[in-house]
Amino acid sequence: MNVLMIGLDDSVLTDPASDTRQRHERYAAAAGHLTMLVYSAGREPVTGGELSPQLAAYPIRGARALFALRAVLAGLRHARRPVHLITTQDPFTTGLAGAILSWLLHAPLLAQNHSTFFDNPHWIGEHPLRHGLFNRLGRWVIRRAAMNRVVNEAEQQKYLALGVPPERVRVIPLANPAPFAAPVSAEQITAQRAAWGLDDSHKVLLWAGRPVRVKRIPVLLDVMRLVAEAEPLARLVLLGDMRLAEENIPAAIAQRGLTGHVIMPGHMPFDRLPAAYRAADIYVHTSAYEGLGRVMMEAGAAGLPVVAMDSAGAQAIITD
């Protein structure tokens, strides 16, 4: 089976040790061959090509507004023939490219949706014009897809309300919690806390991910201010590249009087994350909306209690 995938994450090319790369190598081996077309916005050019006998990936650079067109051209150029299945990361720009290639290559389209998008006021409010257009475009794509994959039941119900036949939408979560359930020694936990400048007397709140707007890091800092007032030895560890945030995170920390209470180690490789989870006392999640918040499942596998803002993704994971 030969699969063509269109996505927005180029870490399959930039980070060979990432969970993304390992996961797609497994997909490719299971399918037979997988060709990935991924959007790449980094300053440094990324080289694509055959990553293994079963997996190939090619970056698509240039203006995001032209992504769908470039993806169609790249698909016609790089995809092995025949293509048996086309799958896309979202029902919008990648979905549009997938729908066009589905028609040109006579291959069925699987349109995936990893969040809670349709008619979501939080999401549309982030960029009213663009996301309002995407909201309409996505409806067109999902009605034409041979199959739609969502990650929570709330989004599935939206598809059904939009007229997608029940047999063409399935809830299939995405998670790999097994590495986080593996034992971690007390020495590893102590070493991880020491690397953060902490010891057993500290209460550690953990957050991990990309600090995009929907994750609401400022809201998390407001919460942490209340926690620090009640528990002076509490510390918040933010795992991820905070330079990617739209807000000035260090300034926001200082404004709330949290200097010394928030630790920002930066990005952490996937293979080191299990020890980081075990070194914490609780996982905190303040996203305005979520598809299925893999980090919450990882935290649960590591034995951490989770506190999250109410969202469809959190409801699918947490027992209150």
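## Before we start

Helices (H or I, at least four residues) and strands (E, at least two) are DSSP runs, numbered from the N terminus.

This is a predicted model, in which local features need pLDDT of at least 70, side-chain atom pairs count only at pLDDT 80 or more, and totals for chains, interfaces and linings use all residues. Residues are numbered from 1 along each chain as its sequence is written, and side-chain values use heavy atoms, with hydrogens and water left out.

## The whole chain

The chain has 14 helices and 13 strands. Its C-alpha atoms fill a box of roughly 60 × 40 × 35 Å along the principal axes. Of the 320 residues, 49% count as buried, meaning under 20% relative accessible area with a 1.4 Å probe, protein chains only.

## Helices around α4

Helix α4 (residues 93–105) packs against helix α3 (residues 67–78) at about 35°, with the axes 8 Å apart. (Axes are lines fitted to C-alpha atoms, for helices over the stretch in contact, and angles run from 0 to 180 degrees between N-to-C directions.) This crossing is right-handed.

The contact is made by T93, G95, L96 and A99 of α4 with F134, L137, W140 and V141 of α6.

## An open sheet and its helices

Strands of a sheet pair through backbone hydrogen bonds, either parallel or antiparallel. In this model, five strands form an open sheet in the order β11-β10-β9-β12-β13, with parallel pairing; two strands pair if DSSP finds at least two bridges between them. At the edges sit β11 (262–266) and β13 (306–308), each pairing on one side only. From one strand to the next, the twist averages 25°.

Which strands does helix α10 (residues 217–230) touch as it packs on the sheet? The answer is β9, β10 (234–239), β11 and β12, and the helix direction makes about 165° with that of β10. Helix α13 (residues 294–301) lies across β9, β12 and β13, running at about 170° to β12.

Methods
A crossing is left-handed if the near helix is turned anticlockwise from the far one by less than a right angle, and right-handed if clockwise. Contact means heavy atoms within 4.5 Å. Buried means under 20% relative accessible area, exposed over 50%, partly exposed in between (1.4 Å probe, protein chains only).
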